[in-house]
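Visitor: I would like to learn how to read packing and charge pairs in a model. Please take me through some cases.

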Amino acid sequence: MEWFEALILGIVQGLSEFLPISSSGHLELGKVILNLDDAARNNITFAVVVHGATVLSTIVVFWKDLISIFSGLFKFQWNDSSKYVAKIAISMIPVGIVGVFFKEQVESFFTGNLLFVGSMLLITTTLLAFTYYAKQKEKDISFRDSFIIGIAQAFAVMPGISRSGSTIAIGLLLGNKKEHIAKFSFLMVLIPIIGANLKDLFSGEFTNDTSVGAFPLIVGFVSAFVTGWLACTLMVNIVKRGKLIYFAIYTFIVAIIAITISFL
């Protein structure tokens, strides 16, 4: 992988991880367009690095919230912080089940099949479009809502279904407060991504993976971190203003492009 390819994929990862347009779908599309070979396309080291960058950008954006949550948690009381962490934990159950029992099946979708990616992007489009008509009840996220949002995150392991888009859309359709669901959506993914990265770090596949040099990895990390930081901050404001319909238009266009390319 060349440094400019790492730059492009890092930017794509950083932007699409937080914007509701599907990072996995855009990465699959980007890899096909860049015509990367199999070693670069399925490079575990690069995937761990760029995902680690987006985790770090999330922590930077929400560091005050995280400090507040952990400060309350370590009081060892059933307070707002401990309830929030419990909701986060509940939201991780569905994706945890998928990761443990269906990992190989999920990985089989990441083959550069643009017809499949385009079809999944249409699902993202539909979810985002529905939020335009969602009636806001301005209620706090309940334990039940946490689990339902977690189910949306589990389905978003497929390339083309936006994780942030599906979780935020479902949260809004359930009537949750806009600013609350945006923060919850971004914080709920931290542990699953960190867990998946640690698993890859300690796997033999990762230690034997030397197909990407140090400089492209650095370029990929920096580009993913910077764009992720900007996109995360931007997305929180977008959700507050209820402007997700524009992303529905975008994902629809990208879906049509992906499906068209698949037939060429």
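Visitor: Is Lys177 buried, exposed or partly exposed?

Guide: First, the ground rules. This is a predicted model, where local features need pLDDT of at least 70, side-chain atom pairs count only at pLDDT 80 or more, and totals for chains, interfaces and linings use all residues. Residues are numbered from 1 along each chain as its sequence is written, and side-chain values use heavy atoms, with hydrogens and water left out. Now the classes. Buried means under 20% relative accessible area, exposed means over 50%, and partly exposed lies in between, with a 1.4 Å probe and protein chains only. Lys177 has a relative accessible area of 23%, so Lys177 is partly exposed.

Visitor: Which residue does Lys177 meet in a salt bridge?

Guide: The general idea comes first. Side chains of opposite charge can pair when their charged atoms come close. The cut-off: a salt bridge is a side-chain nitrogen of Lys or Arg within 4 Å of a carboxyl oxygen of Asp or Glu. Here the side chain of Lys177 meets that of Asp140, at 3.7 Å from N to O. Asp140 sits in the loop between H8 and helix H9 (143-155), and Lys177 in the loop between H10 and H11, so the pair ties together parts that are 37 residues apart in sequence. Asp140 is partly exposed, at a relative accessible area of 47%.

Visitor: How are the helix labels assigned?

Guide: Helices (H or I, at least four residues) and strands (E, at least two) are DSSP runs, numbered from the N terminus.

Visitor: How many salt bridges does the rule give?

Guide: The count comes to 4 salt bridges. One of them joins Arg163 and Glu17, whose closest N and O atoms are 4.0 Å apart. This pair links distant parts of the chain: Arg163 is in helix H10, Glu17 is in helix H1 (residues 3-18), and they are 146 residues apart.

Visitor: Are Arg163 and Glu17 buried or exposed?

Guide: Arg163 has 11% relative accessibility, so Arg163 counts as buried. Glu17 has 7%, so Glu17 counts as buried too.

Visitor: With which residue does Asp65 form a salt bridge?

Guide: Asp65 pairs with Lys183, the closest N and O atoms being 3.3 Å apart. Asp65 counts as partly exposed at 27% relative accessibility. Lys183 is partly exposed at 23%.

Visitor: Now helix packing. At what angle do H8 and H10 pack?

Guide: Axes are lines fitted to C-alpha atoms, for helices over the stretch in contact, and angles run from 0 to 180 degrees between N-to-C directions. Helix H8 (residues 114-130) packs on helix H10 (residues 163-173) at about 30°, with the axes 9 Å apart. Angles under 35 degrees count as roughly parallel, over 145 as roughly antiparallel, 65 to 115 as roughly perpendicular and the rest as oblique. H8 and H10 are therefore roughly parallel to each other.

Visitor: Which residues of H8 and H10 meet?

Guide: Contact means heavy atoms within 4.5 Å. From H8 come Leu127, Leu128 and Phe130, which meet Gly165, Ser166, Ala169, Ile170 and Leu173 in H10. By class, this contact has 6 nonpolar, 2 polar and no charged residues. The classes are these: Ala, Val, Leu, Ile, Met, Phe, Trp, Tyr, Cys and Pro count as nonpolar, Asp, Glu, Lys and Arg as charged, and the others, Gly among them, as polar.

Visitor: At what angle do the axes of H10 and H11 cross?

Guide: They cross at roughly 145° and come within 9 Å. In H10, Arg163, Ser164, Thr167, Ile168, Gly171 and Leu172 meet Lys178, Ile181, Ala182, Ser185 and Phe186 in H11. That contact has 5 nonpolar, 4 polar and 2 charged residues.

Visitor: Last, single residues. What is Met120 in contact with, leaving aside its neighbours within four places in sequence?

Guide: Met120 lies in helix H8. Beyond those neighbours, Met120 touches Met158, Pro159, Gly160 and Ile161. Met120 and Ile161 are 41 residues apart in sequence, yet 5.3 Å apart in space, C-alpha to C-alpha. Met120 is buried, with a relative accessible area of 11%.
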